[in-house]
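Open the structure in your viewer and keep the selection tool at hand. The stops below say what to select next and what is there.

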Amino acid sequence: MAGATTVAVITWVTRLAGLLALVSVLVPAGRRTLRGHVAAWLELPHEATVGAATVALVTGVLLMLLATGLKRRKRRAWQLAVAAAALLTVSHLGLRHTLGAGLVSLALLIALIATRRHFIALPDPVTGRWRAIRVLLQLTVAGVAINFALLSVAPVDAGVGDRLAQSTLALIGVSGPVVFPALWLEDLSAAVGLLFGISAVLLAAYFLLRSAEPAPELTDEEVERLRGLLGERDSLGYFALRRDKFVVFSKSGKAAVTYRVIAGVALCSADPLGDPEAWPGAIEEYLDVCRRYAWTPATMGCSELGATVWARFGLEVLEIGDEAVVDTDTFTLEGRVMRGVRQAVTRTKRAGYTARIRKAEDLPAEELDELRALAATWRGTDTERGFSMALGRMGDLGSVLVTAEHDGRVRGLLQFVPWGEKGLSLDVMRRDRTADNGVNELMISELLLSTSAQHVSLNFAAFRAVLEQGQRIGAGPVARLSARTLRFFSRWIQIETLYRFNAKFQPRWVPRYLAYPAARDLPRVGVAVFEAEGLGGRPSGLLRALQRV
């Protein structure tokens, strides 16, 4: 606890030092204070003061960027913060003010050195070091080249060496040997140099410090080991076989945790695989990896048992919704409560729709390829949604495919993956948008009535309890407001729609939970969850642009 407090204090002092550096350069009131300070009696030239202001400006922004890395205890962030604090302290000597800011940066430097033992996290497995160096060199060379070209066409009396020196020094805001015939031309050259110089440092710092997201891919050997740990207990266990995950096994090999790194969060889904008694060993290995790389641990969609085990390791638990599970031995289309589903099924059958239920291994390769193409066409978005309840591929051995056909054409498609030996879990649900309403009800009810599986897991209903409580008679204002808020967001992410669709089949509701370290981590975890599920998160266009740099 003391270590966490120390890191938090260092983080905020770093932000304060960076903010004061910016204020000392940018705010006129700050520049008029404490005149006659060190630079005055040192009688530094004007160029030195301008250079010191530029360094202070860049270093202040850099310190604010470094604060996030310090919060995650990153050793590299600590090393850069020490260098930045030392540089900032020296740069304040070149300014004719900012005694207070200089003292804060000096205090930060001393504190960083004194607390170095707390900053031990390794760089992420995929680091931005080489990309940072490349960006720094590219922008530096570009700034020098553009300024040199400007000076070559401008009416200045200077040789190649002088123009090159002027272009290079302009990157840090220092005047060179070139004598300009007009003040506007000198200002233009200085502005170009500073723009590229500041951009080079800050963008390089971003790539050096950003939370890298290593590209995960389970090996064939890991997949086989995970298959051996699948059991009957968790309906979401099969989705751990997604290829875009990392895996850690307990030392005994009897349990495993799979995860993906997104925005500095090592996000798990559902429960660990294997023997529940061996889960703590796998979780310890996973948390050790998170500590090593300063990732935030989190898991979504875990069961009540899984949430209990995660809570023993200090994670907070939040109920996020319910999974709809139908027991096939009690499912029927008879009765008043099933009237809506029964009418939808009857209507689609009268319209000429039929449902076919087959195992993936029984389908010809050509037909399976055709179904994959149809599923991609009907998806409706460029992003494949799903993480905790989606496999991300079709046709795995043991999966069951249900198609709705009309006039010889496939108009709807479901894929169910194995849930042990006695169950199935819904993975893909797609249909042609021009198909009649009721196609999904037809496919699901036909499967439930004919399958040998004892229980079938349908869609996950996020915040089902909140929606249900808000509609009850006598519900309080908070419950009603919460339900209205969820219905509002349902316009984009189908919260209420999925709940009402699932409820048609009279399932039993199995609560699912989110486990996370602390409330302060919820925004970051939320971004990771939304991005993993394909519902939002960081702007995809920005991510693609940065990946191409």
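Is E284 buried, partly exposed or exposed? At 46% relative accessibility, E284 counts as partly exposed; buried means under 20% relative accessible area, exposed over 50%, and partly exposed in between, with a 1.4 Å probe and protein chains only.

Before moving on, note that this is a predicted model, in which local features need pLDDT of at least 70 and side-chain atom pairs count only at pLDDT 80 or more, while totals for chains, interfaces and linings use all residues. Residues are numbered from 1 along each chain as its sequence is written, and side-chain values use heavy atoms, with hydrogens and water left out.

**Stop 1: E284 and K251**

Stay on E284, which is placed in helix α11 (residues 279-293). Helices (H or I, at least four residues) and strands (E, at least two) are DSSP runs, numbered from the N terminus. E284 and K251 are 33 residues apart in sequence, and their C-alpha atoms are 9.8 Å apart in space.

**Stop 2: salt bridges**

How many salt bridges are there? The count comes to 19, where a salt bridge is a side-chain nitrogen of Lys or Arg within 4 Å of a carboxyl oxygen of Asp or Glu.

Select R227 and E224. They form a salt bridge, with the closest N and O atoms 3.9 Å apart. Both are in helix α10 (residues 220-227), and because they are 3 residues apart there, about one helical turn separates them. An α-helix has 3.6 residues a turn, so residues three or four places apart point the same way. R227 is partly exposed, at 32% relative accessible area, whereas E224 is exposed, at 52%.

Next select D244 and R242. Their side chains meet in a salt bridge of 2.9 Å, N to O. D244 is partly exposed, with a relative accessible area of 24%, and R242 is buried, with 7%.

Then go to D432 and R409, whose salt bridge has its closest N and O atoms 3.6 Å apart. D432 lies in the loop between β10 (423-431) and α15 (439-450) and R409 lies in strand β9 (residues 409-419), so the pair ties together parts that are 23 residues apart in sequence. D432 is buried, with a relative accessible area of 11%, and R409 is partly exposed, with 47%.

**Stop 3: aromatic rings**

A pair of aromatic rings is described by the distance of the centres and the angle of the planes. Here, rings of Phe, Tyr and Trp (its six-membered ring) pair if their centres lie within 6.5 Å; planes under 30 degrees apart count as stacked, over 60 as edge-to-face and the rest as tilted. The structure holds 7 aromatic pairs.

Select Y499 and W509, a tilted pair with 6.0 Å from centre to centre and 45 degrees between the planes. This pair links distant parts of the chain, with Y499 in helix α18 (residues 495-503) and W509 in strand β12 (residues 508-516), 10 residues apart. Y499 is buried, with a relative accessible area of 8%, and W509 is partly exposed, with 23%.

Move to F501 and F505. How are their planes set? The pair is edge-to-face, with 65 degrees between the planes and 5.5 Å from centre to centre. F501 is buried at 12% relative accessible area, and F505 is buried at 1%.

For a cluster, select F246, Y259, Y286, Y293, W295 and W310, which form one aromatic cluster.

**Stop 4: charges over rings**

A charge sits over a ring if NZ of Lys or CZ of Arg is within 6 Å of the ring centre and within 35 degrees of the ring normal. Select R15 and W12: R15 lies over the face of W12, at 4.6 Å from the ring centre. Then select R225 and F249: R225 lies over the face of F249, at 3.7 Å from the ring centre.

**Stop 5: one side of a helix**

Select helix α8 (residues 160-169), where R163, Q166 and S167 are buried. They cover an arc of only 95 degrees around the axis, which puts them on the same side of α8; the arc is that of the directions from the helix axis to the C-beta atoms.
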